[in-house]
Amino acid sequence: MKFQHIRNATVKIEYGGKTWLIDPFFGEVNCLPPFAGKSANPLVPLPMDIEEIISSMDYVAITHLHPDHFDKRAQETIPKSIPFLVQKEDYEAIKGFGFQNVNIIDDTKTIGSIKISRVSAQHGEGKILNVMGTVSGYVFESVNEETLYITGDTVWCDAVKKNMDKFNPKVIICNAGGNTFIPESNPFKEYIILERTHKVIMGEDDVLKMLNYKNDSTIVTVHIGALDHETVSRGSLRKFLDTNDVNMERVIIPEDGETVDF
């Protein structure tokens with residue numbers, strides 16, 4: 001297994017003899033509006049050219065269709081013939097973007113030596129769930145590879161615990177920016193009123209809970225350093241985990257463009 005962090009939740013994974021691109025977000029700096037009233041998004045550029053990112057790519061997997069996970073620039077630049085793996089809720093939209101080989105995964109799908117399972121994720125808590133939509137995580141299994149769990153956008157919840165119990169993953173890619181939506185800058189005000197801050201993905205304390213829940217896994221933290229509604233930085237996460245006496249050999253906090261060989 002080989003992992004490369006691109007930016008935000010966009011990662012490139014070599015697994016089971018195939019190269020997977022997860023949640024491609026290719027937009028230029030400040031192409032999206034603010035999510036927390038601080039800055040247009042994304043905050044940082046891609047670490048490499050798009051051509052390099054999509055080179056040797058065999059499949060694209062989409063966890064959900066929020067614009068920081070599959071944006072217009074990705075829709076325009078990824079070859080239309082590349083195979084996609086998607087949750088059923090996103091099938092029609094992705095077909096509508098012109099992609100010709102879109103495959104729904106409801107439960108499991110086998111591709112070559114790889115078994116992929118779609119698993120539940122919970123993109124927030126409370127009334128914010130009314131606007132966040134359906135989100136998936138994915139588990140990759142193969143005879144010659146460690147089991148890999150991609151959490152997708154989710155808070156720490158019973159669904160995540162059940163996924164860890166069922167699949168016993170040795171490597172977990174965790175979206176861990178602690179992103180929040182706040183009443184003062186509510187991008188969903190046409191649909192809901194927020195009376196309090198709502199966290200929509202895991203943060204520092206949740207990474208610690210994952211590490212303590214399963215003590216033989218390695219966690220790779222992504223979805224950090226690119227958006228204005230994050231509450232976690234790479235530095236703050238390292239400091240928090242170090243303060244809580246975590247074995248940092250079990251945690252990888254990659255920079256944009258960094259590659260890790262498992």
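For my residue classes, I count Ala, Val, Leu, Ile, Met, Phe, Trp, Tyr, Cys and Pro as nonpolar, Asp, Glu, Lys and Arg as charged, and the others, Gly among them, as polar.

**Ground rules.** I'm looking at a predicted model, where local features need pLDDT of at least 70 and side-chain atom pairs count only at pLDDT 80 or more, while totals for chains, interfaces and linings use all residues. Numbering starts from 1 along each chain as its sequence is written, and side-chain values use heavy atoms, with hydrogens and water left out.

**Cavity.** I searched the whole structure and found one cavity of 30 Å³ or more. My cavity is a set of points on a 1 Å grid over the protein atoms alone, where a 1.4 Å probe fits but cannot get out; lining residues have an atom within 4 Å of a point. Points are joined across faces, edges and corners, and the volume is the space filled by probe spheres set on them. The largest cavity holds about 40 Å³. I noted its lining as Ala-9, Val-11, Ile-22, Asp-23, Ile-150, Gly-152, Ile-173 and Asn-175. By class, that makes five nonpolar, two polar and one charged.

**Strand S11.** Strands (E, at least two residues) and helices (H or I, at least four) are DSSP runs numbered from the N terminus.

I call two strands paired if DSSP finds at least two bridges between them. S10 (145–150) runs parallel to S11, joined by three bridges, and Ile-150 has Ile-173 as its bridge partner. S14 (218–222) is also parallel to S11, with five bridges; there, Ile-173 stands opposite Val-220. I also logged a right-handed β-α-β unit made by S10, helix H5 (158–167) and S11. Right-handed means that, with the strands pointing away from the viewer, the path from the first strand over the helix to the second runs clockwise.

**A seven-stranded sheet.** Next I traced an open sheet of mixed pairing, in the order S6-S5-S4-S3-S2-S1-S16. S6 (102–104) and S16 (259–261) stand at the edges with a single partner strand each, so one side of each has no neighbour in the sheet. At the S6 end, S5 (84–86) runs parallel to S6 with three bridges, and Val-86 stands opposite Ile-104.

Key:
On a 1 Å grid over the protein atoms alone, a cavity is a set of points where a 1.4 Å probe fits but cannot get out, and a pocket is an open set with protein on both sides within 12 Å along at least five of seven lines; lining residues have an atom within 4 Å of a point.
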